[in-house]
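The sequence and structure are shown below for reference.

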Protein chains: 4
Amino acid sequence: MAEKGKDNDGKPAEQRNLVYGNYLQLEKILGAQARESEKHGRPAHDEHLFIVVHQAYELWFKQMIWELDSITGILETRDYREVRDNKMRLILSRGDRIKEILKVVVQQVSIVETIEPLDFVDFRQIINFFAYVLFTFRDWLFPASGFESLQFRLLENKLGIRKEDRVKEYRFTPVNADDAGKLSNSEKQKSLLQLVQTWLENTFDNEAGGSFWTCYEDRIKQRLSGIKDESKRRATKEMFDNILDEAKHDELLNKGKRKLSHRALKGALMITYKRDELKFQEAYKFLRMLVDIDELLYKWRWNHVMMVQRMLGDKPGTGGGGYKYLRSTVCDSDNYKVFLDLFNIATFLIPTDVIYPPNIDATYVKALSA
Amino acid sequence: MAEKGKDNDGKPAEQRNLVYGNYLQLEKILGAQARESEKHGRPAHDEHLFIVVHQAYELWFKQMIWELDSITGILETRDYREVRDNKMRLILSRGDRIKEILKVVVQQVSIVETIEPLDFVDFRQIINFFAYVLFTFRDWLFPASGFESLQFRLLENKLGIRKEDRVKEYRFTPVNADDAGKLSNSEKQKSLLQLVQTWLENTFDNEAGGSFWTCYEDRIKQRLSGIKDESKRRATKEMFDNILDEAKHDELLNKGKRKLSHRALKGALMITYKRDELKFQEAYKFLRMLVDIDELLYKWRWNHVMMVQRMLGDKPGTGGGGYKYLRSTVCDSDNYKVFLDLFNIATFLIPTDVIYPPNIDATYVKALSA
Amino acid sequence: MAEKGKDNDGKPAEQRNLVYGNYLQLEKILGAQARESEKHGRPAHDEHLFIVVHQAYELWFKQMIWELDSITGILETRDYREVRDNKMRLILSRGDRIKEILKVVVQQVSIVETIEPLDFVDFRQIINFFAYVLFTFRDWLFPASGFESLQFRLLENKLGIRKEDRVKEYRFTPVNADDAGKLSNSEKQKSLLQLVQTWLENTFDNEAGGSFWTCYEDRIKQRLSGIKDESKRRATKEMFDNILDEAKHDELLNKGKRKLSHRALKGALMITYKRDELKFQEAYKFLRMLVDIDELLYKWRWNHVMMVQRMLGDKPGTGGGGYKYLRSTVCDSDNYKVFLDLFNIATFLIPTDVIYPPNIDATYVKALSA
Amino acid sequence: MAEKGKDNDGKPAEQRNLVYGNYLQLEKILGAQARESEKHGRPAHDEHLFIVVHQAYELWFKQMIWELDSITGILETRDYREVRDNKMRLILSRGDRIKEILKVVVQQVSIVETIEPLDFVDFRQIINFFAYVLFTFRDWLFPASGFESLQFRLLENKLGIRKEDRVKEYRFTPVNADDAGKLSNSEKQKSLLQLVQTWLENTFDNEAGGSFWTCYEDRIKQRLSGIKDESKRRATKEMFDNILDEAKHDELLNKGKRKLSHRALKGALMITYKRDELKFQEAYKFLRMLVDIDELLYKWRWNHVMMVQRMLGDKPGTGGGGYKYLRSTVCDSDNYKVFLDLFNIATFLIPTDVIYPPNIDATYVKALSA
C-alpha cells in the first residue's frame with residue numbers, strides 16, 4: 001500500500017518519475033514542436049499535427065533501421081548454415097517487428113488526412129513565404145517526406161534500392177557532412193538484398209541445389225511436351241526460358257527486371273519447394289516475410305500518393321514533383337520492389353505433383369498428353 | 001434464472017434458436033461451400049478459403065449497394081433544400097457505413113494472402129482443367145473478381161463509373177437475362193455522381209453562387225497581379241483558367257479529366273469555403289465523404305493488384321489480363337476516381353484570407369505586391 | 001529540372017533540408033534514445049523499441065491534448081448557439097482527429113507485443129537493478145504507462161475523469177513543480193465533460209426542452225399502461241424512473257453511476273430524437289463522437305492489459321500493480337467512461353413511433369393495449 | 001483480344017460467368033437476406049445490415065473451424081516428432097490464417113456500430129413483437145451472438161473451452177438433432193488444448209526435459225538464496241513453488257487457474273528457453289501463436305461487449321443477459337483464455353543468464369549475493 005511520502009511501489013516519487021521522464025528524455029521529445037506559423041505571428045492550429053506526425057514517422061524510421069541493421073548484421077557475420085539453423089527465429093522476429101511498425105506507419109496516413117485541404121493551404125502559404133525569399137505559388141513539398149527524410153532514404157538503401165532503381169529526377173542531397181556520411185555508408189554497405197542473395201546462393205550450393213534444378217528443368221520440359229497447341233507451347237516455353245536460361249535471366253537483371261542473381265533465385269525456388277523440410281521451414285518464411293515488407297512499403301507509398309493528391313491537388317506545371325515523384329515510384333514500374341523476384345516467384349511455380357497425378361480422372365492424365 | 005426445460009430468457013429452445021438459424025437462413029449461407037477440387041477427387045484445403053472469402057466479398061458488395069441505393073434514392077426524390085436541411089445526417093450515416101465496410105473489405109485482402117503461391121498453383125491447375133476442355137497454362141482469373149463479379153460492376157456503375165472511364169479491353173458480359181437486366185439498369189439509372197452533380201448545381205444556383213464566384217475570381221486576379229515573375233504568373237494563370245474558364249473546363253470534361261459540370265464544381269468550391277455556415281456543415285462533410293469512398297476503393301484495388309501479383313506472378317504473354325487489367329485500373333489514370341474533381345479540389349483552393357492579412361509582418365504584405 | 005549544384009525545386013540544398021531537419025528538430029527527436037542496458041555494459045536490443053514506442057505514445061498524447069484543448073477552448077469561450085451553428089464542424093473535425101490518433105495508438109500495442117517475454121525479462125532485470133538500490137524481483141512497472149505518464153494523466157483529467165472515478169490505490173505523483181502545476185491545472189480547469197454538460201443544459205433550456213420532455217414522459221406512461229404483466233410493468237417503470245425522476249438520477253450521480261446533470265442528460269435525449277433537424281445534425285454527431293472517443297480509450301486500455309499480462313505474466317504477491325491496476329480500470333466498473341451516460345443512452349430510448357403505428361398488423365396494435 | 005461473341009479470355013460468356021456465380025453459389029448467398037420487418041409491413045433499412053453482418057460472421061466462423069479442424073487433425077494423427085520436424089510450417093500457416101480472419105472479425109464490429117441506438121430500438125421492437133407472442137420490453141438478445149451461434153460454440157469447444165470454464169447462467173441449447181450431434185461431437189472430440197497438451201508432454205519426455213528441469217530448478221534456488229530480505233524471499237519462493245511443485249500446480253489446475261498438465265507446462269517452458277534450436281524454432285512460434293489467437297478472441301469479445309452496451313444500453317432488471325453474459329466472459333476471470341498458461345508464461349521466466357553475468361559491473365554481481 002502507498003506509504004506516506006511515497007507512492008506506487010514504495011519508491012520515492014522522484015526516483016520513479018525521474019526515471020520515466022528522464023529515461024524517455026521527454027524534455028527533448030516534447031520540447032521539439034515549434035510552429036513556424038506561430039513564430040511569424042499567424043499561428044495555424046494544424047501545423048502542430050503536421051510537425052508531430054512527421055516526428056512520429058522519423059521515430060519509426062529510426063526503429064526500423066535499428067531492426068534492419070541487426071538483421072543484416074547477423075547475415076553478414078554468420079555463415080549460411082548457422083543462420084539457417086540457429087538465427088532464423090531471431091531474424092524473423094526482427095522482421096515481423098518491422099512489419100508491425102510498417103502497418104502502423106501505413107495507418108498513420110489517416111491522421112495526416114484529417115488536415116483538410118483548405119486548412120493546409122492556409123498554413124502552407126505562411127510557411128512558403130517565410131521559408132523562401134520569393135513568394136510564389138510553388139508547392140513546398142512538405143508531404144513528400146519520401147525525399148526530404150534522410151532516414152527514409154537510408155532505410156531504402158539498406159533494404160536494397162539502388163541508384164539505378166530510382167526515379168531520376170529528384171536527387172536527395174544531404175545537408176551536412178554527418179548526413180552525407182551516413183548516406184554514403186548506406187550506399188556502400190551490403191544491403192539486405194545483397195546479403196540475402198549471398199545467403200541464397202550459399203544455400204543452393206550447399207544443399208544439393210543442382211539436383212533440385214535438374215528435376216525442375218525436367219518437369220518443365222515434360223509439361224511443355226504435353227502442350228499440343230503450337231503457339232501456346234511457344235509462349236509457355238518463352239516464359240520458362242526466362243528462368244531456366246541464365247543468359248536470359250542476366251539480361252533481365254541488367255534491365256532491372258530481376259534483382260537477384262540466377263543462382264540466388266534458384267536457391268529461392270528450391271527453398272519454396274522444400275518448405276516442409278525442417279531445415280528450410282523458417283527460411284521459407286523468411287522469403288515470404290521479405291515480400292510482406294516490400295508490399296507494406298508499397299501500401300505506404302500508395303496511401304501517401306493519394307494523401308498528397310488530396311492535400312495539394314493536381315497542379316499542372318508547378319515543376320515541383322511531390323505528387324508526380326511519389327506516384328511514379330509506385331505506378332511506373334516495380335523498381336521500388338526490392339525483393340521483386342520473390343514477389344513474382346509464382347511466375348516460376350509449377351504444381352508440386354503433375355506428371356503422374358495419383359487418384360485422378362483418367363481424362364486429366366489424357367489431357368496432359370493431348 | 002434459467003428454468004428447467006428452458007434456457008436463456010425462459011423461451012423454449014426451439015423458438016429462440018429457430019429464429020437465429022432460420023432468420024439468417026444459415027442453411028443457405030453455410031450450405032454453399034462446395035470445392036471443385038473435391039468433386040474431382042483431388043480436394044485442396046485452401047479452396048475452401050478461396051470460396052468463403054469471395055462469398056464474404058459478395059455479401060459486402062450487396063450491403064454497399066443497399067446503402068448506396070438508399071442514398072441515391074433520397075437524392076433523386078427530394079429537392080436540394082430538403083436534402084441539405086433534413087436528409088444530410090441520414091445520407092452521411094449511410095455513407096459512413098459504406099466507408100466502414102470498405103475498410104473491412106480492404107483488410108480482407110490479408111486473408112486471401114495467406115494462400116501461398118505454391119498451394120494456389122496446385123488447386124488452380126485442378127480448377128483450370130475441369131473448368132475448361134483444353135488444358136493450358138492460362139490463368140483462371142479467379143482473383144480478378146473485379147470483373148467476374150456482377151455486383152462489383154453494379155457498384156461501380158451506381159457510384160458513377162461510366163463506359164468511357166473503363167479500361168477497354170475487358171467487357172463484362174452478364175450470364176443470364178436477369179443479370180443483364182440489372183447491369184443495364186445500373187447503366188441507365190442516375191448514378192451517385194450524376195445526382196451529386198445536380199444537387200451541387202442547385203445549391204450553386206440557389207445559394208448566391210454567383211456572388212461567391214465573382215469574389216473568388218477577383219481574389220485570383222489579385223494574386224496573379226502580385227506575381228512579378230513572368231513565367232510563374234503565366235503558369236499560375238493557366239492553372240486557374242482551368243477552373244475559371246468554363247470552356248476550358250468542358251474541354252477537360254470531354255477528355256475525362258473532369259467529372260462534374262462547371263456549375264457543380266463551382267457549387268462544391270462554394271460549399272468548401274462556406275463550410276462553417278450552419279446550412280453547409282453537413283454538405284461539406286458529404287463532399288469529403290465521397291472522396292473517402294473513392295480513396296478506399298482505390299486502396300482495395302491496389303491491395304488486390306499486389307495480391308494477384310503475389311499469387312499469380314508476372315507471366316508475360318498469357319493474354320489473360322487479371323493482373324494487367326487490375327493494375328491499369330489504378331495506375332494508368334484517375335479514370336476510376338468517380339469524384340475526381342473533389343479529390344483534386346485542393347488544386348483550386350487559395351488561402352482564405354490573403355489580400356489583407358491581419359497582424360502580420362510588413363514584409364509579408366510587401367511581398368504580395370512584389 | 002535539377003540544376004547543377006541544386007536539386008529538387010532549384011533551391012540550394014541547405015535551404016531545403018535545413019528546413020526539414022531543423023523544422024522537425026530531429027536532432028532532439030532522434031537524439032533521445034539512450035539505452036540504460038547499454039550504459040551499464042549489457043546492451044539489450046529490444047530496449048530501443050521499448051524507448052521508441054513510449055516516445056511515440058507521448059508524441060500522440062501531446063497531439064491529442066492539443067486538439068482537446070482547442071475543443072474545450074471553443075466550448076468555454078463561445079455561447080451555446082454560436083457553438084451549435086458555427087463551431088460544430090470544427091469541433092467535430094478536431095474530435096475526429098483525436099479518434100484517428102486513438103486508432104493508431106490502439107494499433108501500436110501490436111508493436112510492443114513483438115517484444116517476447118523472455119527478452120523482456122532479460123532487459124527488465126538489468127533496468128531494475130540499476131534503477132534501484134535494492135535488487136529484487138519487483139516488476140518495474142514500465143508498461144503501466146497509464147500511471148507513469150504525466151500527459152496521459154492530463155488527457156484523462158481534461159476529458160473529465162475525476163479523482164472519485166479513479167481506482168484508489170495508485171496516486172500519480174508529479175516529479176517536479178512544473179509537472180505539478182500542469183497536473184493541478186488539469187484538475188481545476190473545466191473538463192470536456194463539464195463543458196459538454198453546460199452546453200447540453202443550455203441547449204435544453206433554449207430549445208423548448210420542456211415540451212420535448214413532457215412528450216417523452218407521456219409516451220413512456222402510455223407504454224407502461226400497455227404492459228399487463230404486473231412484475232414486468234414494475235421492472236420497466238423502475239428503469240424509466242431512473243431517467244424521469246430527477247432525485248433518482250441525482251442519487252445515481254452521487255454514486256458515480258451517472259456523469260451528467262439531469263438537465264444535460266435530458267438535453268442529450270432531445271438532441272438524439274431531433275437529430276434530423278438542421279440545427280441538431282452536427283450536435284447529434286458530436287454526442288456520438290464523444291462515445292467513440294471513450295470506446296477507443298477503453299480498447300487501448302484493454303489491449304494494454306493483455307499486453308502487460310503477456311509480458312509480465314500473473315505474479316501473485318508482488319504488490320506491484322501494473323497489471324492489477326490496469327485491469328481494474330477496465331473491468332471493475334465503468335468509472336473510466338467519461339461519457340458513460342451517452343454510452344448508455346440506449347437505455348432510455350423508446351421507438352420513435354409506437355403509439356399509433358401506421359400500416360401495421362392489427363394484432364400489433366391490439367398487443368399494445370393487451 | 002476480345003473476339004466477337006466472346007470476352008475476356010475468349011471463352012463463351014456463359015462458361016466464364018457461369019463458373020463464377022455457380023461456383024460461389026451466389027443464388028444461395030445473395031438470396032438469404034429477408035427482413036422480418038419487411039414481412040410485417042414495417043421495413044427497417046438497418047435490418048439488412050444486421051442480417052448481412054451476422055451472415056459474414058457465420059462464414060468466417062465456418063472458415064476458422066475448417067482451419068482449426070485441419071490443425072487438430074494433424075496433431076491427432078501424427079506423432080510428436082513428425083509434427084515438430086515436418087508439419088509445423090503447415091500448422092503455423094493455418095494458424096496464421098485463423099489470426100488474419102480474427103483480425104477482420106474484430107474490425108467488423110465497427111460496421112455493426114454504424115447502427116445507431118435509436119434505429120436499433122425501432123426495428124428491434126418490430127422483431128420482438130413478431131417473434132414472440134407477448135409484447136414486452138425484453139431485449140431480444142440478437143447481438144449476443146456469442147450464445148446464439150452454434151458455430152461459435154463449436155469453435156470455442158474445439159479450441160478447448162470446457163463446460164466448467166463457462167459462465168453458468170446461459171446454456172446453449174441446440175435446435176435440432178443435427179446441431180445437437182455437432183455440439184456433442186465438439187465436446188467429445190479432442191480439443192486443440194488437449195492435443196497441444198499431449199504434444200508438449202511428448203516433447204518434454206523425448207527431448208531431455210528432465211535435465212532442463214533440473215537446471216531450471218537449480219537456477220531458481222540460486223536466485224532465491226540470493227534474496228536476503230526474508231519476506232521477499234518467501235513471496236518469490238511461493239510464486240515459483242506454483243510451478244516447481246506438481247501438487248500445487250494440480251491444485252490450481254482443479255480450480256481452473258491452470259489449463260495444461262504440469263508435464264506439458266514444463267515442456268512449454270523448455271521450448272521457450274530452447275527457442276533457437278533448429279528443432280524448436282517453429283514449435284516456439286506455435287506456442288506464441290496460440291496466445292495470439294486467444295488474445296484476438298478476447299479483443300473480439302471486448303469489442304462486442306462495448307457494442308452491445310452502446311446498442312442496448314444498461315437496462316437493470318431485464319433478466320436478459322446478453323450484455324451481462326458477454327461482459328462476464330471477459331472481465332470476471334481468465335476462464336475463456338484457452339491457453340492461459342502460455343498467456344501467463346512470463347510468470348515463470350527468469351533471465352537467461354543471471355548467475356554469472358559476463359562483462360558486467362562488479363556491483364551487479366555483488367548485489368546478487370546481497
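## Fold and packing report

In chain A, the secondary structure comprises 17 helices and two strands. The model is a predicted one. Chain A has 370 residues, of which 66% count as buried. Contacts in chain A between residues at least 6 apart in sequence join residues at least 24 apart in 74% of cases.

### Helix pairs

Two packed helices are described by the angle between their axes and the distance between the axes. Two such pairs are considered here, one in chain A and one in chain D.

In chain A, helix α10 (residues 209-225) and helix α11 (residues 230-244) have axes that come within 10 Å and cross at roughly 170°. Angles over 145 degrees count as roughly antiparallel, and α10(A) is therefore roughly antiparallel to α11(A). By class, the contact of α10(A) with α11(A) has seven nonpolar, one polar and three charged residues.

In chain D, the axes of helix α5 (residues 80-112) and helix α9 (residues 192-206) come within 9 Å, with a crossing angle of roughly 105°. Because of this angle, α5(D) is roughly perpendicular to α9(D). The contact of α5(D) with α9(D) contains four nonpolar, three polar and one charged residues by class. On the α5(D) side are D:Y80, D:V83, D:R84 and D:M88, which meet D:W199, D:N202, D:T203 and D:N206 in α9(D).

### Aromatic pairs and charges over rings

Over all chains, the count of aromatic pairs comes to 54.

| Aromatic pair | Arrangement | Centre to centre | Angle between planes |
|---|---|---|---|
| A:F212 and A:Y216 | stacked | 6.0 Å | 20° |
| D:Y57 and D:F61 | stacked | 6.1 Å | 20° |

A:F212 and A:Y216 are four residues apart in helix α10 of chain A, so about one helical turn separates them. A:F212 has 10% relative accessibility and therefore counts as buried. A:Y216 likewise counts as buried, at 2% relative accessibility.

In chain D, helix α4 (residues 46-77) holds both D:Y57 and D:F61, which are four residues apart, about one turn of the helix. Both D:Y57 and D:F61 are buried. In chain A, ring pairs link A:Y57, A:F61, A:F152 and A:W300 into a cluster.

Charged side chains also lie over aromatic faces. A:R310 is placed over the face of B:F343, 6.0 Å from the ring centre. Within chain B, B:K337 lies over the face of B:Y298, at 4.7 Å from the ring centre.

### Selected residues of chain C

C:W213 belongs to helix α10 (residues 209-225) of chain C. With a relative accessible area of 6%, C:W213 is buried. Leaving aside residues up to four places away in sequence, C:W213 touches C:F204, C:I243, C:L244, C:H262, C:K266 and C:L269. C:W213 and C:L252 are 39 residues apart along the chain, and their C-alpha atoms are separated by 20 Å.

C:E148 is located in the loop between α6 (117-131) and α7 (150-159) of chain C. The relative accessible area of C:E148 is 4%, and this residue is therefore buried. From C:E148 to C:F172 the C-alpha to C-alpha distance is 7.3 Å, with the two residues 24 apart in sequence.

Most residues other than glycine have a negative phi.

A:Q25 lies in the loop between α1 (13-23) and α2 (26-29) of chain A. Its relative accessible area is 13%, so A:Q25 is buried. B:A208 occupies the loop between α9 (192-206) and α10 (209-225) of chain B. At a relative accessible area of 43%, B:A208 is partly exposed.

Technical notes:
Residues numbered from 1 in each chain as written. Chains lettered and ligands numbered in written order. Predicted model: local features only at pLDDT ≥ 70, side-chain atom pairs only at ≥ 80, totals over all residues. Heavy atoms only, no water. Axes fitted to C-alpha atoms, helices over the stretch in contact; angles between N-to-C directions. Parallel < 35°, antiparallel > 145°, perpendicular 65-115°, else oblique. Nonpolar A, V, L, I, M, F, W, Y, C, P; charged D, E, K, R; others polar. Phe/Tyr/Trp six-rings, centres within 6.5 Å; stacked < 30°, edge-to-face > 60°. Buried < 20%, exposed > 50% of the residue type's maximum accessible area, 1.4 Å probe, protein only. Lys NZ or Arg CZ within 6 Å of the ring centre and 35° of its normal. Contact = heavy atoms within 4.5 Å.
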